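Visitor: I would like to go through this structure step by step. Could you take my questions one at a time?

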Amino acid sequence: MRSEREKRSKPRPVPVQLRWLAHARSGDKGNTANVGLIALEPELYPLLARAVTAARVARHFRGMVSRVERFELPNLGALNFLLHDALDGGGTISLKTDAQGKVYSTALLRMEISAPPAVARRFQPRLSARR
Amino acid sequence: MSKVVRVAAGQGFWGDWLEAPFRQVKGGPIDYLMMDYLAEVTMSILQKQRSRDPAAGYARDFVPAMERILPDIAAKGIRVTSNAGGVNPRGCADAVLESARRLGLGGKIRIGLVTGDDILDRLDELLARGQELRDLDTGRPLSDIRERVRSANAYLGMAPVVEALRGGAHIVITGRVTDTGLTLGPLVHELGWRPDEWDRIAAGTVAGHIIECGAQSSGGNLLKDWRKVCGLERVGFPIVEASNDGSFVVTKHPGTGGVVNVASVTEQLVYEMGDPRSYITPDGIADFTSIRLSQAGKDRVRVSGITGAPRTPMLKVSIAYFYGYKAVGTLVYAWPEAYAKAKEADRVLRARLADLGLEFEQILTEFVGADATHGRLAGRPDPDAPEVQLRIGVRARDKVPVERFTRELAPLVLTGPPSVTGFAGGRPPVEEIVAYWPALVDRREIEPRVRVEILKA
């Protein structure tokens, strides 16, 4: 049930963690990690394309990467991010556990975006349980 | 009905599941078995092995794998493409021929041997001829590391694979042929594609990309609905069923575990992706934004619509060079206050290293269980964590400080913070770092020297 206030005014966006809206895989090219972010349902792609900008991802990873590039793959419902200088040298030079960026994808899924409440209710387990 | 060519992935990297090639051959009909072994740094590891033993330098796993399936592939007419040859394709081919003879298959097996990718002995000649071989990422000239180069190989495409198949090879063994070329080659050969049919070349390249990492497109490492992926203990490796129009179906053998769905194929498509409009290989350029996926039955994904663009005049070169030394050691700290104890141990160790006057290029500390994979994004460490692993790595150009570091870890057990364990493995090894230097070379310097030989068992 939506509250009375919600019915009257334009529904206010709510924060939703990307893990409820997308899946992802990452890999490496030298010292650059790539993260492919894939909408869990095709209808979620426009929201991701709007909210998960290169600038937003750069803020999410600030201090961990130098620069972020974004590419769009609407055909796959996916966005591809290149996270430059993310791997501490990369390849065999890096001392990191995740020297090849294999799980950088999951770090992006921690990010929160603003989503319509209807999306939050449908995809975020905690909110739908409350409903 | 138009012709369909079935290419099955048997290995996705050197170290992949040893059962996979055997099950691909036994589990149902296939035409080709594609065995990819080479990652960026694999060539340098193989070069190191060859410098110790002139008969080594190839992916040794390949030989017993072939020995196990040779009778079946001979009986069923399955052909194999593999870059298992590493820096010694001839040695690899000799070992497989020996296996074939031992199995009584002499006269029945022909091996196509592809060489000419190895340019280690040609580097100075290429530099003199104006090929700068600058680092693609940093722009630095090769002269910065010329004296430390350990291996240098140009990435060859599908052309020599096709030539070997035309020559009647049952098994094609190559050095640094691209992962995708091992799949594209059979398709070009069987379907009669011209090398300048750029959309078809792109389609075969995408097919290769989807299966080059083995089960990573058929349920392995699949994040979406991972709890619903059943039977990974008997995971089916992917198979491409390609048609003449460039469309293909990704599937796996019936009765195997894992899953082939749009999600599993999409995750593999974005793996190690750069600019999706421009996936560059020696054979052409594929546009990943043109790919259409649809579920076409259980464990069947149809891939179509792929467009491509002409190949570039350059080939990529992978150069490996000696960089320095590193070592990584770990200790485990137990509740209560596990993280705080590990953090104090890190402080003590770093202070001791500083007191010793040791110089490192980098000292990196991670707290496994707190921040190792997500850094600060993981938030504040849980003060009640049952345990935290302290993981410290060091890197230096000289061996001496790294060697000494490996002797400073164990003392922490009796001279540092309490509740520490997990040092049964002893001192961590000092590892030599062989680093990767990607570059470009004019393909006209390479292609005339590529040789294809047909060897008979």
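**A sheet and its neighbours**

Guide: This is a predicted model. We begin in chain B with an open sheet of three strands, paired antiparallel, in the order β9-β10-β13.

Visitor: Which strands of chain B stand at the edges of that sheet?

Guide: Strands of a sheet pair through backbone hydrogen bonds, either parallel or antiparallel. An edge strand here has a single partner strand, so one side of it is left without a neighbour in the sheet. In chain B, the strands in that position are β9 (279-281) and β13 (307-309).

Visitor: What is the average twist from one strand to the next?

Guide: The order of the strands is β9-β10-β13 in chain B. Going from one strand to the next, the twist averages 30°.

Visitor: How many bridges join β10 of chain B to β13(B)?

Guide: Strand β10 of chain B covers residues 284-287, and β10 and β13(B) run antiparallel. B:Asp287 stands opposite B:Thr307, which is in β13(B). The number of bridges joining β10 to β13(B) is three.

Visitor: Which strands of the sheet does α8(B) touch?

Guide: Helix α8(B) packs on the sheet, and its direction makes about 70° with that of β10(B). The strands touched by α8(B) are β9, β10 and β13 of chain B.

**Helices of chain B**

Visitor: Is the crossing of α7(B) and α8(B) left-handed or right-handed?

Guide: From α7(B), the contact uses residues including B:Leu184 and B:Leu187, and from α8(B) residues including B:Ile201 and B:Gly204. By class, the contact has seven nonpolar, four polar and no charged residues. The crossing of the two helices, α7(B) and α8(B), is right-handed.

Visitor: How many of the eight residues of α6 of chain B are buried?

Guide: The buried residues of α6(B) are B:Ala159, B:Pro160, B:Val161, B:Val162, B:Ala164 and B:Leu165. Their cover includes β3 (79-82), β4 (110-115), β6 (171-174), α7 and β19 (451-456) of chain B. Helix α6 (residues 159-166) of chain B is largely enclosed by the rest of the structure, because its buried residues number six of the eight.

**Where the chains meet**

Visitor: Which element gives the most to the side of chain B that touches chain A?

Guide: The contact takes 31 residues from chain A and 42 residues from chain B. Among the elements of chain B that each supply at least two residues are α9 (262-269), β14 (314-334) and β18 (431-442). The residues on this side of chain B divide into 22 nonpolar, nine polar and 11 charged. With five residues, the element that gives the most is β18(B).

Visitor: Is A:His23 buried or exposed?

Guide: A:His23 lies in strand β2 (residues 22-29) of chain A. Residues touched by A:His23 include A:Ile38 and A:Leu40, and also B:Leu223 and B:Glu267. A residue is buried if 20 or more other C-beta atoms lie within 10 Å of its own. A:His23 has 23 C-beta neighbours inside 10 Å, so A:His23 counts as buried.

**Backbone details**

Visitor: Is the peptide bond from B:Trp335 to B:Pro336 cis or trans?

Guide: Most peptide bonds are trans. B:Pro336 is in the loop between β14 and α10 (338-355) of chain B. From B:Trp335 to B:Pro336, omega is near 5°, and the bond is cis.

Visitor: What is phi of B:Glu337?

Guide: Most residues other than glycine have a negative phi. B:Glu337 is placed in the loop between β14 and α10 of chain B. B:Glu337 counts as partly exposed because it has 18 C-beta neighbours inside 10 Å. The phi of B:Glu337 is positive, near 60°.

Visitor: Where is B:Asn221?

Guide: B:Asn221 is a residue other than glycine with a positive phi, near 55°. B:Asn221 has 18 C-beta neighbours inside 10 Å and so counts as partly exposed. Its place is in the loop between α8 and β7 (239-243) of chain B.

How values were computed: Residues are numbered from 1 along each chain as its sequence is written. Chains are lettered from A and ligands numbered from 1 in the order in which they are written. This is a predicted model: local features need pLDDT of at least 70, side-chain atom pairs count only at pLDDT 80 or more; totals for chains, interfaces and linings use all residues. Two residues are in contact if their C-beta atoms, placed from the backbone, lie within 7 Å. Helices (H or I, at least four residues) and strands (E, at least two) are DSSP runs, numbered from the N terminus. Ala, Val, Leu, Ile, Met, Phe, Trp, Tyr, Cys and Pro count as nonpolar, Asp, Glu, Lys and Arg as charged, and the others, Gly among them, as polar. A crossing is left-handed if the near helix is turned anticlockwise from the far one by less than a right angle, and right-handed if clockwise. Two strands pair if DSSP finds at least two bridges between them. Axes are lines fitted to C-alpha atoms, for helices over the stretch in contact, and angles run from 0 to 180 degrees between N-to-C directions. A residue is buried if 20 or more other C-beta atoms lie within 10 Å of its own, exposed if 12 or fewer, and partly exposed in between; C-beta atoms are placed from the backbone. Lists of a residue's contacts leave out its neighbours within four places in sequence.
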